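Subject: A structure for you to look at

Hello,

Here is the structure I promised to pass on. Please open it beside this note, and I will walk you through what I found.

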Amino acid sequence: MSRTLIIASQKGGVGKTTTALNLSYTLSRLGHRVLLVDSDPQGGIAIASNLRRKTSRGLVHLIRGEAAPEDVITPTRDGGLSVLGSGVEEPGDTALLEDSARDGRLEAVIREHASGYDYVFLDTPAGVGGIVEALMGVSDGVILMMRCRTLLLKTLPIFLKLIRHVRGTRNPRLRLEGALVTMWHNGDPVEKEILGELTASVPEALFFRTVIPYDPRFERASIRGIPVILLPGGTDAGKPYLELAMELKEREMLRNVEIEADDHAEGIF
């Protein structure tokens, strides 16, 4: 069954695009069919994946009806991961994305093209605007990106309220899949203090055990337009995303076991 997950944060500069690309690629290497969609008008995925070498068209062209899926959804060489860029090139394209979020076209396009994949990851603009809310309306879960910064801690309740609002008004299946701490400086006492405040303010289970450390190799991989594990010497930097992928699968399996639990099972289950 396909799962659509939105990767989001109320603040920019927290590694959303890096996580979207590296987690998508890792799951594809584990044998899953994955679609990565860039819904951010800034088009970070096209840069991080070198997508523009193949096509500059993308999501906005699907919304306009100007392109077929096979013209804008680009598979990687091994075929496990496919990427749909934003296609934003002009100011009017950004306005189109925002308008389509309000009138339902954005949700309809995502629903239409999500079938056939095991996972669909949606990279989003920062904040709690209309595009993010619309994509929550079509998603199964939210991966909330977090850096250990004081301002983020103070603005976190706004984002959590948006998740509750969407779940209560338009998408009851939406859940917080987990909060992911990124760009972690293990030796920074201030970050450790803020992380302690964060984990004390919400149930511990809402946080992924996996933490993504700060590593300059992520920036070098972005410059080359590849997942970090494909960078020469990038294997160690990519390991946290393998851990995250496995933890995501673990959470899914445990939820499914809870749903399927049967006190009256007998014989071979």
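A word on one term before we start: a residue counts as buried when its relative accessible area is under 20%. Please also keep in mind that this is a predicted model.

You will find A134 in helix α7, which covers residues 130–136. Leaving aside residues up to four places away in sequence, A134 touches A101, L106, E107 and R170. One of these, E107, is 27 residues from A134 in sequence, yet the two C-alpha atoms are 6.4 Å apart in space.

Now for the whole chain. Its secondary structure comes to 11 helices and eight strands. The radius of gyration is 18 Å, close to the 18 Å that the globule rule gives for 269 residues, so the chain is as compact as a globular protein of that length. Of the 269 residues, 54% count as buried. Among contacts with a separation of 6 or more, 77% come from residues 24 or more positions apart. The chain exposes about 13200 Å², and carbon and sulfur atoms supply 53% of that area.

Next, the sheet. Eight strands form an open sheet with mixed pairing, in the order β3-β4-β2-β5-β1-β6-β7-β8. At its edges are β3 (73–75) and β8 (207–213), each of which pairs on one side only. Neighbouring strands of this sheet are turned against each other by 25 degrees on average, direction ignored.

With β3, the pairing of β4 is antiparallel, over three bridges, and P75 stands opposite S82 in β4. With β2 (residues 34–38), the pairing of β4 is parallel, over four bridges; here L81 in β4 is the bridge partner of V34. The hairpin of β3 and β4 has five residues between the strands, and G79 takes a positive phi there, near 80 degrees. Are the faces of β4 covered or open? Both are covered: L81 and V83 on one side, and S82 and L84 on the other, are all buried.

Finally, helix α1, which runs over residues 16–29. At 1.5 Å a residue, its 14 residues should span 20 Å, and because the end C-alpha atoms are 20 Å apart, the two values agree. Helix α1 is mostly covered, with 12 of its 14 residues buried; among them are K16, T17, A20, L21 and N22. T19 belongs to this helix too, and its relative accessibility is 0%, so T19 counts as buried. What does T19 touch, not counting residues up to four places away in sequence? Its contacts are I7, S24, M145, L180, T182, Y241 and L244. After α1 comes G31, whose phi is positive, near 105 degrees.

Enjoy exploring it, and write back with any questions.

Best wishes

Technical notes:
Residues numbered from 1 in each chain as written. Predicted model: local features only at pLDDT ≥ 70, side-chain atom pairs only at ≥ 80, totals over all residues. Heavy atoms only, no water. Helix = DSSP H or I, 4+ residues; strand = E, 2+ residues; numbered from the N terminus. Contact = heavy atoms within 4.5 Å. Buried < 20%, exposed > 50% of the residue type's maximum accessible area, 1.4 Å probe, protein only. Expected span 1.5 Å × (residues − 1). Pairing = 2+ DSSP bridges. Axes fitted to C-alpha atoms, helices over the stretch in contact; angles between N-to-C directions. Rg over C-alpha atoms; globule rule 2.2 N^0.38 Å. Areas by Shrake-Rupley, 256 points an atom, 1.4 Å probe, with all protein chains shown as cover.
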